[in-house]
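Hello,

Here is the structure I promised to send over. Have a look at it first, and then read on for what turned up.

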Amino acid sequence: MGDTIAQKIIRTHLTEGEMVPGAEIGLRIDQTLTQDATGTMAYLQFQAMGIGRVKTRRSVAYVDHNTLQCGFENADDHRYIQTVARGHGIWFSRPGNGICHQVHLERFCVPGGTLIGSDSHTTTGGGVGMLAMGSGGLDVAVAMGTGSYRLTMPGVIRVLLKGRLQDGCAAKDIILEALRRLTVK
């Protein structure tokens, strides 16, 4: 059998290492996303690297999580993120544009591309055929600054379903059963 879509994307984006499960590899990252609850720290870390412009094809800063204002802190963070975005080649999505993972999916995701984001729902990009991974702010900052991301090559399996699902069985049930059989560790 041929490679899975994940393996094909990894192969075309591989910058370092070999595609051996458990080995450390480097991937070229096409896109990043941040949101305001995690983005402020990511941008402080990015600026500390002293890099002028992002090295990804597209990086987007979303203001969509901390939009309620009880004090000046959120507003200050939003102004800071907007300033960093303007100065470093990052798209800025202002409050009210929508939630980052959905807006990104609809407007920016590209099948066959790579995406790393500081939102736990970044993996939504996998729904259009991207290799989309959630990560911490420092990892996203490094990806913006270098255009690459280092990780352990995952073991990839293929799941083939045959026949019909029972009534009431959904994709999530299949995923949960696969995790039960393989492990959740």
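With a relative accessibility of 21%, methionine 19 counts as partly exposed, because the buried class takes in residues under 20%. Please keep in mind that this is a predicted model. Methionine 19 is found in the loop that runs between β1 (14–16) and β2. Leaving aside residues up to four places away in sequence, methionine 19 touches Gln7, Ile10, Arg11, Leu14 and Met153.

**The chain as a whole**

The chain has 6 helices and 8 strands, which follow one another as α-β-β-β-α-β-α-β-α-β-β-α-β-α. Its C-alpha atoms fill a box of roughly 55 × 40 × 30 Å along the principal axes. Of the 185 residues, 37% are buried. If you take the contacts between residues at least 6 apart in sequence, 66% of them join residues at least 24 apart.

**Inside**

In soluble globular proteins, nonpolar side chains tend to be buried together. Here, the largest nonpolar core has 24 residues, and Tyr43, Ile90 and Met144 have the most contacts inside it. Two or more residues each come from α1 (5–13), β2 (24–28), α2 (36–48), α3 (73–88), β7 (131–134), α5 (137–146) and β8 (148–152). The largest share, 4 residues, is from α5. Apart from this core lies another one of 10 residues, including Leu33, Val60, Tyr62 and Val103.

Which residues does isoleucine 90 touch, not counting those up to four places away in sequence? They are Tyr43, Val54, Ser59, Val60, Ala61, Val84, Ala85 and Met144.

**On the surface**

The chain exposes about 10800 Å², and carbon and sulfur atoms supply 55% of that area. Ile157, Val159, Leu161, Leu165 and Leu182 make a nonpolar surface patch of about 490 Å². Of these, leucine 182 sits in helix α6 (residues 171–182) and is exposed, at 52% relative accessible area.

Best wishes

Key. Residues are numbered from 1 along each chain as its sequence is written. This is a predicted model: local features need pLDDT of at least 70, side-chain atom pairs count only at pLDDT 80 or more; totals for chains, interfaces and linings use all residues. Side-chain values use heavy atoms; hydrogens and water are left out. A nonpolar core is a set of buried Ala, Val, Leu, Ile, Met, Phe, Trp, Tyr and Cys residues joined through side-chain atoms within 4.5 Å. Buried means under 20% relative accessible area, exposed over 50%, partly exposed in between (1.4 Å probe, protein chains only). Contact means heavy atoms within 4.5 Å. Patches are made of residues with over 30% relative accessible area and no salt bridge: like charges are joined within 9 Å, nonpolar side chains (Val, Leu, Ile, Met, Phe, Trp, Tyr) within 5 Å. Accessible areas come from the Shrake-Rupley method with a 1.4 Å probe; for residues, only the protein chains shown count as cover. A salt bridge is a side-chain nitrogen of Lys or Arg within 4 Å of a carboxyl oxygen of Asp or Glu.
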